Amino acid sequence: MFKKQVVELMNKLKACVPHYIRCIKPNEDKTPNNFNNDNIRRQVRYLGLLENVRVRRAGFAHRTTYERFVRRYGVLDKNVWGGRSHGTPAQLCQQLMGTIGWTQNKEYVLGRTKLFIQAATSLFTLEDLLERKINEAVIVAQKAWRRYAKRRYYLEMRAKAYDVVASRKERRRVSVSRNFAGDYLDFTYNKLVQGLLIGFGAHERVLFADTARVALLKGKKSMFA
């Protein structure tokens with residue numbers, strides 16, 4: 001019996017275009033075909049169904065104040081959201097609708113203090129646009145945070161590395177350690193070299209110098225000791 005009633009209910013819902021579904025409790029005893037009029041009337045009044053029916057009969061599925069509309073959907077227009085657009089809330093609503101691509105008196109109507117949306121499908125489209133925009137903003141924020149976190153981690157690791165080696169840099173044990181003994185490219189302070197340079201001419205100069213204990217020149221003993 002219950003399954004049959006559910007099937008009939010679903011067929012009725014599919015035959016129309018419901019905007020939302022409200023469940024009303026007919027009685028407190030949970031018995032079928034028992035309707036408590038006072039209880040049903042109270043639920044209908046508290047749920048605002050009568051007001052929604054009156055608005056729907058007037059041809060508008062949704063209405064809201066200009067301030068609330070701009071506060072909720074202002075992110076869809078970067079100029080409105082960034083504060084670069086100025087004007088009354090009604091003018092900002094018109095700019096938002098122009099950005100979305102809606103036409104006045106077709107998808108929406110401007111009242112004295114409220115904005116009215118003609119069809120519920122237009123409202124669903126508006127919510128989809130808002131959700132997509134928020135997702136894009138969240139992705140941008142996540143990228144910025146990840147970039148900041150990684151760079152901060154890198155800077156902290158580099159600072160810790162500097163602290164580890166600060167004032168502790170030493171030569172390795174196998175590295176060459178040799179004191180500076182003179183100008184290796186100008187060995188003219190050596191008396192023997194000075195004598196050779198005088199013998200070859202005043203324009204001669206030393207380009208490279210090194211000290212050797214024994215040098216063999218064509219099988220002869222060198223003059224250097």
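**Overall picture**

The chain of this predicted model averages a pLDDT of 79, and 78% of its residues score at least 70. The secondary structure consists of eight helices and five strands, which follow one another along the sequence in the pattern α-α-α-β-α-α-α-β-β-α-α-β-β. Of the 225 residues in the chain, 18% are buried. When contacts between residues at least 6 apart in sequence are considered, 42% of them join residues at least 24 apart.

**Helix H7**

Helix H7 covers residues 120–165, and its 46 residues reach 68 Å from the first C-alpha to the last, which is close to the 68 Å expected at 1.5 Å a residue. Its buried residues are Ala120, Ser122, Leu123, Leu126 and Leu130. An α-helix has 3.6 residues a turn, so residues three or four places apart point the same way. The partners against which the buried residues of H7 pack are strand S1 (62–65), helix H4 (66–73), helix H6 (89–100) and strand S3 (114–117).

Which side chain of opposite charge is nearest to Asp77? Asp77, found in the loop between H4 and helix H5 (78–81), is buried but has no salt bridge, and the nearest such side chain is that of Arg84, 6.8 Å away. A salt bridge would require the side-chain nitrogen to lie within 4 Å of a carboxyl oxygen.

Asn39 is found in helix H2 (residues 37–47), and it counts as buried because its relative accessibility is 6%, where the cut-off for a buried residue is under 20%. Its side chain makes a polar contact with the side chain of Arg42. Not counting residues up to four places away in sequence, Asn39 touches Lys25, Pro26, Asn27 and Glu28.

| Residue | Partner side chain | Distance |
|---|---|---|
| Asn39 | Arg42 | 2.7 Å |

Methods:
Residues are numbered from 1 along each chain as its sequence is written. This is a predicted model: local features need pLDDT of at least 70, side-chain atom pairs count only at pLDDT 80 or more; totals for chains, interfaces and linings use all residues. Side-chain values use heavy atoms; hydrogens and water are left out. pLDDT is the predictor's confidence in each residue, from 0 to 100. Helices (H or I, at least four residues) and strands (E, at least two) are DSSP runs, numbered from the N terminus. The expected span of a helix is 1.5 Å times one less than its number of residues. Buried means under 20% relative accessible area, exposed over 50%, partly exposed in between (1.4 Å probe, protein chains only). Contact means heavy atoms within 4.5 Å. Lys and Arg count as positive and Asp and Glu as negative; His and the chain ends are not counted. A polar contact is a pair of N or O atoms within 3.5 Å; within protein, one must be able to donate a hydrogen and the other to accept it, and residues adjacent in sequence count only if both atoms are side-chain atoms.
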